[in-house]
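Thank you for sending this entry for comment. Please look over the sequence and the structure before reading my points.

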Amino acid sequence: MTAIPDLKLNDGHTIPQLGYGTYQVPPAETAGAVRAALQTGYRHIDTAEMYDNEAGVGEGVRASGLARDDVYITSKLSNGAHLPDDARRAFDGTLQALGMDYVDLFLIHWPMVLSYSGDFVSTWKVLQEFKADGRARSIGVSNFRVEDLERLLAETDVAPAVNQIEAHPYFNNDALRAFGGEHGILTEAWSPLAQGAVLDEPAPVRIAERLGRTTSQGVLRWHVQRGDIVFPKTISSERMRENLSVYDFELGPDDLATLATIDRGPQGRTGPHPDTFDYKPA
Ligand SMILES: NC(=O)c1ccc[n+]([C@@H]2O[C@H](COP(=O)([O-])OP(=O)(O)OC[C@H]3O[C@@H](n4cnc5c(N)ncnc54)[C@H](OP(=O)(O)O)[C@@H]3O)[C@@H](O)[C@H]2O)c1
């Protein structure tokens, strides 16, 4: 297995480009899955308060025997906790659930433009407190649109280190990625395999066969060649290993051109749209 490169964030910290995603990893299975991922070679775990598995992530890290500093941990603010005191309490809860005294990266999970009338700017200022007191080494956002990033850049002094957004060959999301690139905001591509849907698509299947790789490896290679950060989710340790081996081959210009033809634009989304995604209390 070739080493996973670290990418430099706009605040001087670095992040492993390829990690392990834990959305829909059941809470009771998370500690085992995270431990397996770390034993396989992953050093970056993506979780969120809303995944209900932060405690399992912390347990998995401790069970791995790795030092805390050797693992990069991202978590995210719950959609129901945007108001400043709620956000502070939620962040305390995240650290407590993880059993850690800091996270490497903490994100606003969704801008919640309907529920909070776009007042994520005040939420973003609260995340800056977590960075200032060292409990979040880096801070960023998720599911922010160009207009949302423009507000943060215009109304605060701190640019997000990353924007975690849906992106995969069915939905390239290139305009938003390009805006991030122009402002030093790295893109993290969520659902990099379109939740598995793109793995049956003929074009990536053919390209992977020609290269002697699996389709998942071909698609993940496409992401890392675009310079994005990815964290595919799988519960299988065999697939964990497979998904990690994407740094010892390359897609050529023809492969990239072929993959560009399966982009469906916004129709290719597998998850919610930030324009319409709203908070529904349980
Ligand atoms: N910020 C956000 O709003 C947001 C939203 C969604 C996701 N995320 C993050 O992004 C991560 C990844 O996205 P995702 O979990 O939605 O989807 P994904 O990683 O695109 O796809 C996961 C699916 O692909 C399958 N899979 C994985 N590797 C495979 C392989 N090598 N061969 C065949 N099938 C494979 C998995 O099945 P098995 O488990 O059965 O192997 C699972 O069904 C999440 O876990 C989460 O951390 C963030």
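The points below take the ligand and then the sheet.

1. This is a predicted model, in which local features need pLDDT of at least 70 and side-chain atom pairs count only at pLDDT 80 or more, while totals for chains, interfaces and linings use all residues. Residues are numbered from 1 along each chain as its sequence is written, and side-chain values use heavy atoms, with hydrogens and water left out.

2. Around the ligand there are 27 residues, of which D46, S191, L193, T234 and R239 come nearest (a residue is near a molecule if one of its heavy atoms lies within 4 Å of it). This shell divides into 11 nonpolar, 12 polar and four charged residues, where Ala, Val, Leu, Ile, Met, Phe, Trp, Tyr, Cys and Pro count as nonpolar, Asp, Glu, Lys and Arg as charged, and the others, Gly among them, as polar.

3. An N or O atom in the side chain of D46 is 2.6 Å from an oxygen atom of the ligand, and a backbone N or O atom of Y23 lies 2.9 Å from an oxygen atom of the ligand. The side chain of Q164 has an N or O atom 2.9 Å from a nitrogen atom of the ligand.

4. Eight strands, in the order β3-β4-β5-β6-β7-β8-β9-β10, form an open sheet with parallel pairing (strands are DSSP runs of E, at least two residues, numbered from the N terminus; two strands pair if DSSP finds at least two bridges between them). The edge strands, β3 (20-21) and β10 (229-230), each pair on one side only.

Terms used
A polar contact is a pair of N or O atoms within 3.5 Å; within protein, one must be able to donate a hydrogen and the other to accept it, and residues adjacent in sequence count only if both atoms are side-chain atoms. Helices (H or I, at least four residues) and strands (E, at least two) are DSSP runs, numbered from the N terminus.
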